[in-house]
Amino acid sequence: MSESKKTRKTSASDNEPSSCFRTFMWGLIFGLIVGVITGWCVRPPSSFPVEDLKRATEEKFSKASDHAREEFADFAEELARKLRK
């Protein structure tokens, strides 16, 4: 009977608040370590060359709009040919 009391105590100790607190603390420490490592390795946004990115984006946008305009003109010409027939 003394063995069953011991197993009851060990199973009851798993649900104690101190066990939850210990798990929370390990998660907090692990998250802190991962956050520090990530912050150390990843460049902050202020270090990016914003003007270069803006210029490249504008160039890509203007090329895409020119291409779309040409495709629309080709479609309109093709539609006009079909309507004439």
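Student: What should I keep in mind about numbering and confidence before I look at any feature?

Tutor: Residues are numbered from 1 along each chain as its sequence is written, and side-chain values use heavy atoms, with hydrogens and water left out. Since this is a predicted model, local features need pLDDT of at least 70 and side-chain atom pairs count only at pLDDT 80 or more, while totals for chains, interfaces and linings use all residues.

Student: How many helices and strands does the chain have?

Tutor: Helices (H or I, at least four residues) and strands (E, at least two) are read as DSSP runs and numbered from the N terminus. Here the chain has 3 helices and 0 strands, and from the N terminus on its elements run α-α-α.

Student: What span does helix H2 reach, and what would be expected?

Tutor: The expected span of a helix is 1.5 Å times one less than its number of residues. Helix H2, residues 17–41, has 25 residues and reaches 36 Å from its first C-alpha to its last, which is close to the 36 Å expected at 1.5 Å a residue.

Student: How many of the residues in H2 are buried?

Tutor: Burial is read from relative accessible area, where buried means under 20%, exposed over 50%, and partly exposed in between (1.4 Å probe, protein chains only). The count of buried residues in H2 is 0, and the helix is hardly covered; for the chain, buried residues make up 0% of its 85 residues.

Student: What is the accessible surface of the chain, and which atoms does it belong to?

Tutor: Accessible areas come from the Shrake-Rupley method with a 1.4 Å probe, and for residues only the protein chains shown count as cover. The surface of the chain comes to about 8400 Å², of which 65% belongs to carbon and sulfur atoms.

Student: Which residues form a nonpolar patch on that surface?

Tutor: Patches are made of residues with over 30% relative accessible area and no salt bridge, with like charges joined within 9 Å and nonpolar side chains (Val, Leu, Ile, Met, Phe, Trp, Tyr) within 5 Å. In this model Trp26, Ile29, Ile33 and Ile37 form such a nonpolar patch, with about 440 Å² of accessible area together. One of them, Ile33, is placed in helix H2 and is partly exposed at 46% relative accessible area.

Student: How many salt bridges does the model have?

Tutor: Side chains of opposite charge can pair when their charged atoms come close. A salt bridge is a side-chain nitrogen of Lys or Arg within 4 Å of a carboxyl oxygen of Asp or Glu, and the count here is 3. Arg55 pairs with Asp52, their closest N and O atoms being 3.3 Å apart; Arg69 meets Asp66 at 3.0 Å, N to O; and Arg81 meets Glu78 at 3.3 Å, N to O.

Student: Where do Arg55 and Asp52 lie, and how many residues apart are they?

Tutor: Both lie in helix H3 (residues 50–84), 3 residues apart, about one turn of the helix. As for exposure, Arg69 counts as exposed at 54% relative accessibility, while Asp66 is partly exposed at 36%.
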